[in-house]
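Student: I have a model open on my screen and would like to learn how to read it. Could we take it feature by feature?

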Amino acid sequence: MPRIDADLKLDFKDVLLRPKRSSLKSRAEVDLERTFTFRNSKQTYSGIPIIVANMDTVGTFEMAVVMSQHSMFTAIHKHYTLDDWKLFAANHPECLQHVAVSSGSGKNDLEKMSNILEAVPQVKFICLDVANGYSEHFVEFVKLVRSRFPEHTIMAGNVVTGEMVEELILSGADIIKVGVGPGSVCTTRTKTGVGYPQLSAVIECADSAHGLKGHIISVRCPEQAELVRYSWMDLDRSMASAYDGGCTCPGDVAKAFGAGADFVMLGGMFSGHTECAGEVIERNGQKLKLFYGMSSETAMKKHSGGVAEYRASEGKTVEVPYKGDVKNTVLDILGGLRSTCTYVGAAKLKELSRRATFIRVTQQHNTVFS
């Protein structure tokens, strides 16, 4: 018999952070770096815990070079070849501590990932990325990868509930990817009716993970999409925000950390830059770049020859404004995050969740000049 969970669930758009007394004199005093020791791999990592999503438009080697300069992380998309990885490792050995090899849960995925990790042993992170982290097959796959790579740190997901976070951690994952349906190019919620408001998902999943000494990533929805081509510039802002229950601005990144996320993974916010894959398109005097989900018609035609008859595409392809070098976006995100910390009195990013009080709101900001 169907049941209804009537408890209130909230997205980032439903809340603001309440300011508190602070002894900080400047944003420059805020320390955004964190150090983690992971439950299963026993590996220790230090850096700013923001991750570029493993979508083939943004999870590129070019992006990783810039991100590593800021002590940030990149989940490299799974479509690079072994030779591509060898070349990257030879030219940019300094980046390898800040990247993950991505993989699906198929036999060919496992073989390819294994070959890359054998050829580039400096890489110690694995990102296991499937649309539905609730399948028994995926749980068994996580166990298999853990047995083969006992000293590698495994990111795995996506899920949105505490009990599945716990199962994946106990199966060998170190960092659980949390989010179903919030991504800017994800239409899972409209195609399937499945999802979970992201703020509540992060709060609940962080509580479950931390009880087991595990960690979570607040993440956009992976592996989802459908071809729906339009110019992002043409969208009304209110419509644009309705497409993205994940992070759409630096304030949302701060809310994710405030809710208890250890890492935040971003796709749309890093799209449209020089370091992203694809050529710059000019249309009506505007410079644009394509951004699409990894099971979009666009991606499936590119990598699999088309959309299989048994499945539906669950997202969209958009043309985003060309934004130039990603460094400027990085500085904007980090500056906003430091400012948040000064407003709530957190001298370190690690303290943000302990200092966070969320206020429910009906409007995020004044839209007069939107």
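Tutor: Two strands pair if DSSP finds at least two bridges between them. Helices (H or I, at least four residues) and strands (E, at least two) are DSSP runs, numbered from the N terminus. This is a predicted model, where local features need pLDDT of at least 70, side-chain atom pairs count only at pLDDT 80 or more, and totals for chains, interfaces and linings use all residues. Residues are numbered from 1 along each chain as its sequence is written, and side-chain values use heavy atoms, leaving out hydrogens and water.

Student: In which sense do E7 and E8 pair, and over how many bridges?

Tutor: Strand E7 (residues 125–129) and strand E8 (residues 153–159) run parallel, joined over five bridges. Asp 129 has Gly 157 in E8 as its bridge partner.

Student: Which helix packs on the sheet touching E8?

Tutor: Contact means heavy atoms within 4.5 Å. Axes are lines fitted to C-alpha atoms, for helices over the stretch in contact, and angles run from 0 to 180 degrees between N-to-C directions. Here helix H5 (residues 162–170) packs on the sheet, touching E8 and strand E9 (175–178), and its direction makes about 155° with that of E8. Helix H7 (residues 198–211) also packs on the sheet, touching E9 and strand E10 (215–218), at about 170° to the direction of E10.

Student: What do the strands close into?

Tutor: Eight strands form a barrel with parallel pairing, in the order E4-E5-E6-E7-E8-E9-E10-E11. The twist averages 30° from one strand to the next.
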